[in-house]
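Hi there,

Here is the structure I promised to pass on to you. Have a look at it first, and my notes follow below.

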Amino acid sequence: MPVRVHLEAPLSEGAALTLPPEPSRHIQVLRLQPGDALTVFNGEGGEWDATVTRMGRQDVDLRIGAHHRAERELACPVTIALGMPANERMDALVEKATELGVAAIQPLMCARSVLKLAGDRAEKRRAHWQAVAVAAAEQSCRTRVPAVAPILALDRWLGALGPAAGLRHVLSFGPDAAAPATLLQARGPVLLLSGPEGGLDPREEGQARQAGFAPLSLGPRVLRADTAPLAALSLLALAG
């Protein structure tokens, strides 16, 4: 499979580009040489053939070739809003969710969150997770990169939500929670809310329900904070 590189730039057949530092380093690490082929995409749909034309010390030049209308996204766009798990678990979650086709990720701080971030630290982590999503999109042959939104407190995020533009589900152990197979019937956009370690507290779940989130069960087993959203996303991938 050709090397795939995401570029945040307009792309068109025949264009000559000098790559910025990060994708240049990626190509240099892979030891590509002038004349070698690769695939590039910018998240606006489809992908392009490309050829290395120059390997510099700090940068790399490409010539853009033919465009291909590849589309590998889920039929139902899925946004995951989740209480951030601690340590490297969030990195793995972003990576695997991207591979499974998530459209967007909203990191949240909840009452039971172990990981608390604000200010510059929060933005640095968000930028890091966005880079993880880019690398996962390159590896999994996606043509779009999920956006990792700025970290917000759950209360603030719920308060800013507009009217529902599709299905909203909150993962719940409540007796009225719908069965996992409900997700197989999804049509249109889906917004999925999942708690941190220990789950959402009762007040938070109540707020989510008031904001139009229907309770959803993933079965009788207790899944980790970084496993539950991926399990739900896998079911949604089967829906389309």
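Leaving aside residues up to four places away in sequence, Asp-61 touches Leu-17, Thr-18, Thr-51, Val-52, Thr-53 and Arg-54, where contact means heavy atoms within 4.5 Å. Please keep in mind that this is a predicted model, in which local features need pLDDT of at least 70, side-chain atom pairs count only at pLDDT 80 or more, and totals for chains, interfaces and linings use all residues. Residues are numbered from 1 along each chain as its sequence is written, and side-chain values use heavy atoms, with hydrogens and water left out.

Asp-61 sits in strand β5. Its relative accessibility is 16%, so Asp-61 counts as buried (buried is under 20% relative accessible area, exposed over 50%, partly exposed in between, with a 1.4 Å probe and protein chains only). The side chains of Asp-61 and Arg-54 are joined by a polar contact of 2.8 Å. That term stands for a pair of N or O atoms within 3.5 Å; within protein, one must be able to donate a hydrogen and the other to accept it, and residues adjacent in sequence count only if both atoms are side-chain atoms.

Now to the sheet. Its five strands run in the order β1-β3-β4-β5-β2, forming an open sheet with mixed pairing. β1 (3-6) and β2 (16-18) are at the edges with a single partner strand each, so one side of each has no neighbour in the sheet. From one strand to the next, the twist averages 40°. β2 pairs with β5 (residues 60-68) in the antiparallel sense over three bridges, and Ala-16 has Arg-63 as its bridge partner in β5. Here strands (E, at least two residues) and helices (H or I, at least four) are DSSP runs numbered from the N terminus, and two strands pair if DSSP finds at least two bridges between them.

Helix α1 (residues 21-29) packs on this sheet, touching β1, β3 (37-41), β4 (47-55) and β5, and its direction makes about 170° with that of β1. Axes are lines fitted to C-alpha atoms, for helices over the stretch in contact, with angles from 0 to 180 degrees between N-to-C directions. Helix α3 (residues 119-139) also packs on the sheet, touching β1 and β3, at about 145° to the direction of β1.

Which residues of α1 are buried? They are Pro-23, Ser-24 and Ile-27. On the other side of α1, Pro-21, Glu-22 and Val-29 are exposed.

Best wishes
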